[in-house]
Amino acid sequence: MPAEFIRILIGLVAVAVSVGLIGLVMVWVERKVAGHIQRRPGPYEVGPNGVLQPLADALKLVGKQLFMPDGADPILYWLAPVLSFIPVLLLFLPLPVGDGLMALDINLGLLLILAFAGLTVLSLLLGGWASNNKYGLLGAARAVAQSVAYEIPLLLSVLAVSFVAGSLNLAEVVKGQGTWPWNWNIMTQPLAFLIYIVSALGETNRAPFDLPEAESELTAGFHTEYSGMGFGLFFLAEYANMVVVCSVATALFLGGWQGPVLPGPVWFVLKVSLLMLLMVFFRWTYPRVRFDQLLTINWKWLMPLAVLNLLATSFFVKLAQFTEVRW
Amino acid sequence: MNAIKEALKNVSDLWSLMVGLKVTGRYFREPQRTVRYPWKALSNTDTYKGHLELVGGMKDPFKPRCISCGMCALACPSNCLTVVKRKAPKPTPEEEKALAEAKERGEKPKDKTPKDPEKFIYDFSLCSLCGTCMENCPAGALQFSGNIYMAGYSRNDFLFDLVVKMRESEAASPAEPAAAPAATSEA
């Protein structure tokens, strides 16, 4: 038991470090990609090609005074950013970075991720509610309606894959896939992959579904009133959530650490970075959808498609079991 | 039947998302269109309309062409110009004598007062750069400068005497009059 405990402790430290690093790198990547897409250089002053810019930004954020607006609920107001960041650390634990390279090897890893990802909504709601600010409240209301709606197709698409794999353990799901791209789950579950990616964008409040923080309508939405590291934690949590959804997508659909020639963790990081880059590209390509469009996409398209996909998958899984055909 | 058609159209419209990604992907690879300013400056600033400046005379490029008539100040809609005329120099005793003689003969005495202004106060913070002063100047003594690096720490930094400014530019420019840019342009 102590061995397991130490393993989790080491995992937590590694996760905390990597979340910080990922946050810094992603800020730089996001700004660079945005710059190049808009045909400007992006940050290039601080360090070679601006690589140290996020570090300078982080220092600035840490050094800033923490403000609380009049009439805000002090406990909930300060609880919200912490609450948004802490569960994220937990989400990283069951992610299989390599063969056997995971902090918490449990059967219900996928369930744990889905369950604790739901907590993010609560923190957004608390932050928006406790700010005593109309924009914050509007952002929070949007966040709840959006995240609750997008969790369902996300869950259904994930479920389809775990039906095929017969496990909720991410490592098992990865082991069920082969080395080459045509052995990955994306070949048997392309629809589930599409639904997952779209719902993941909605779930992490990334553009084009970034309505809770829609800067052109709500200044900054739920984190309007937050300054310094209060905002920083929300920001970090958003990027960490992106990494989590991309990692889960990699493990479920893209064969996780499996790949030719290169070692497992390298493949995993490579696939996750590619998905992250895709998300960044989405943000700077697509305009933000209207709120009714957002919900229409979810309830009229993703949800029925996900249900149909799940039904078809379970039908074929049962059929395979009856006929003893492995596929 | 129509509902199915509409639904299918929605699906086929998803292709536009790919088109969008293609556009941003192309822009991502293309060279940047911005100039890294502090290290490189733009070259197309000739048409820039900066603050007003006085035009130099034909002979001396650093002596204002202005005749202190005050038409510019009269025409200015923002009242940002104040022209202060020079006082007539005190006549020497011989001149005074000559003046009195001329008066006896019924001649009009020649005005020895220099025409260029003593002060030309210009408040850039009020100026709307409309150019009415230039249009109303009978001597063509005003022009827009091409100074794009106008900056200051307080409002008073934008309240200056154009005559002083001209003298400063004389001090700053090299000795040869040919090198002075303000001399010949835009009379």
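The model is a predicted one, in which local features need pLDDT of at least 70 and side-chain atom pairs count only at pLDDT 80 or more, while totals for chains, interfaces and linings use all residues. Residues are numbered from 1 along each chain as its sequence is written, with chains lettered from A and ligands numbered from 1 in the order in which they are written.

The axes of α3 (residues 74-92) and α5 (residues 119-130) of chain A come within 8 Å and cross at roughly 160 degrees. Here axes are lines fitted to C-alpha atoms, for helices over the stretch in contact, and angles run from 0 to 180 degrees between N-to-C directions. Helices are DSSP runs of H or I with at least four residues, strands are runs of E with at least two, and both are numbered from the N terminus. The crossing of α3(A) past α5(A) is left-handed (the near helix is turned anticlockwise from the far one by less than a right angle; clockwise gives right-handed). By class, 13 nonpolar, four polar and no charged residues take part; Ala, Val, Leu, Ile, Met, Phe, Trp, Tyr, Cys and Pro count as nonpolar, Asp, Glu, Lys and Arg as charged, and the others, Gly among them, as polar.

The axes of α1(A) and α12(A) come within 10 Å at a crossing angle of roughly 45 degrees, which makes α1(A) oblique to α12(A). This crossing is right-handed. Residues M26(A), V29(A), E30(A), V33(A), A34(A) and I37(A) of α1(A) meet M276(A), V280(A), F281(A) and W284(A) of α12(A), a set of nine nonpolar, no polar and one charged.

Turning to the interface, nine residues of chain A are in contact with 10 residues of chain B. Both α1 (2-37) and α12 (264-285) of chain A supply at least two residues to this side, and α12(A) gives the largest share, three residues.

Chain B itself has six helices and five strands. Its radius of gyration (taken over C-alpha atoms) is 29 Å, well over the 16 Å of the globule rule (2.2 Å times the number of residues to the power 0.38) for 187 residues, so chain B is more spread out than a compact globule. Its C-alpha trace spans about 110 × 40 × 30 Å along the principal axes.

Technical notes. Two residues are in contact if their C-beta atoms, placed from the backbone, lie within 7 Å. Angles under 35 degrees count as roughly parallel, over 145 as roughly antiparallel, 65 to 115 as roughly perpendicular and the rest as oblique.
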